[in-house]
Amino acid sequence: MVNAQVKMNFRIPKVSVQEDLLHIAQKIFIPYMQRGINRNSDIEGGSFPALAPSTIRRKGHSDPLIETGKLRSAFRFKKKGKLEVLIDIKSNRAKIGKYLQIDGTKSGKHFNFFGISRKMEDQAIMYMKKRIEKAIKNAK
Amino acid sequence: MPNNEAFEGLLDREIETMRILLLAKSSRTAITLEEYVKVRTLQGTGLDVIKQDLLTDLREGGRIFGEFRNSVKATAAGSINRLRDDAEFSEIGVDLKYRWSAVLVNTCSDCLERHGTVAEWDEWEVIGLPRSGSTVCRENCKCVLLPEESTELAPIRRVKK
């Protein structure tokens with residue numbers, strides 16, 4: 001008696017999420033960082049360091065990261081290759097962004113306005129959960 | 001005469017420090033979520049099971065969504081520390097390139113696919129380190145990351161002592 005065994009050797013390809021990452025960059029991460037600048041709160045929800053009285057006098061207000069509005073509108077995102085999405089700051093504000101967040105001001109203040117916070121991560125995961133539920137619903 | 005190329009290089013490097021790279025590597029044959037659901041449905045899997053599998057994978061950072069989860073992960077102490085860490089790493093040379101080296105012990109398909117791939121350490125953190133759950137073999141992974149220069153291309157054969 002001859003036994004023939006047919007093995008299922010089909011491997012499901014991986015799932016591409018680049019389009020989802022584009023959505024997350026455009027609709028979740030960048031608006032979150034921009035809202036932070038508007039509300040004077042860093043990405044972790046804390047307050048930005050207070051400005052010196054002389055700076056407030058010069059600017060005419062106490063909003064730390066708002067002067068011309070250029071920084072707020074400098075966030076951008078783009079596809080990088082076929083797999084990645086890059087969020088960065090336009091070159092005309094990258095230097096000042098680095099000065100404010102990484103190097104720190106002359107008085108040693110750091111303005112943590114750029115990055116991924118726990119809340120941003122949660123929102124990205126929530127978005128993907130909804131995507132899964134929608135894909136299942138559409139398949140019914 | 002100013003060296004424009006050098007200046008652009010410096011500018012690029014500064015821009016590079018203020019960036020978030022959302023990376024979700026997948027093979028060239030990657031399919032959409034909808035196509036994934038369709039393929040599994042055609043294989044006879046129920047929609048409730050597929051949904052549960054996908055949600056579990058997303059929650060646990062498994063094979064399908066592991067890289068996605070790493071990509072959108074917040075850093076423990078916020079981004080400023082992450083960026084500082086990056087700066088410190090570059091000082092001590094953690095920006096060296098590492099090659100994924102698979103071993104010939106029940107090597108899973110993900111590890112075989114990664115074998116020989118070269119990336120910087122922070123890129124591997126996003127893609128998923130060995131035993132981080134980003135491959136089919138999950139925490140049973142026997143692969144190692146070795147500095148690019150000192151790595152042999154052939155998979156390492158482990159032998160019993």
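Two strands count as paired if DSSP finds at least two bridges between them; the exercises below apply this to a predicted model.

**Exercise 1.** Determine in which order the strands of the open sheet in chain B lie, and which of them are edge strands.

*Solution.* Begin with the pairing: the open sheet consists of 3 strands of chain B in the order 3-2-4, and the pairing is antiparallel. Next, look for strands that pair on one side only, which are strand 3 (118-120) and strand 4 (144-147) of chain B, the edge strands. Then take the join between strand 2 (residues 97-101) and strand 4 of chain B, where 4 bridges link the antiparallel strands; because at least two bridges are needed, these two strands pair. Within strand 4 of chain B, B:Leu145 is the bridge partner of B:Trp100.

**Exercise 2.** Describe the largest nonpolar core and state which elements supply it.

*Solution.* The largest nonpolar core has 37 residues, and those with the most contacts inside it are A:Phe29, A:Met33, A:Leu65 and A:Phe113. At least two residues each come from helix 1 (18-39), strand 2 (84-89), helix 3 (91-103) and helix 4 (118-139) of chain A, and likewise from helix 2 (33-42) and helix 3 (47-60) of chain B. By domain, this core draws at least three residues from each of domain 1 (30-60) and domain 2 (65-161) of chain B.

**Exercise 3.** List contacts of A:Phe113, leaving aside its neighbours within four places in sequence.

*Solution.* With those neighbours left aside, A:Phe113 is in contact with A:Met33, A:Gly36, A:Ile37, A:Asp42, A:Ile43, A:Leu65 and A:Gln101.

Conventions. Residues numbered from 1 in each chain as written. Chains lettered and ligands numbered in written order. Predicted model: local features only at pLDDT ≥ 70, side-chain atom pairs only at ≥ 80, totals over all residues. Core = buried A, V, L, I, M, F, W, Y, C linked by C-beta atoms within 7 Å. Buried ≥ 20, exposed ≤ 12 C-beta atoms within 10 Å, placed from the backbone. Domains from an automatic or database assignment. Contact = placed C-beta atoms within 7 Å.
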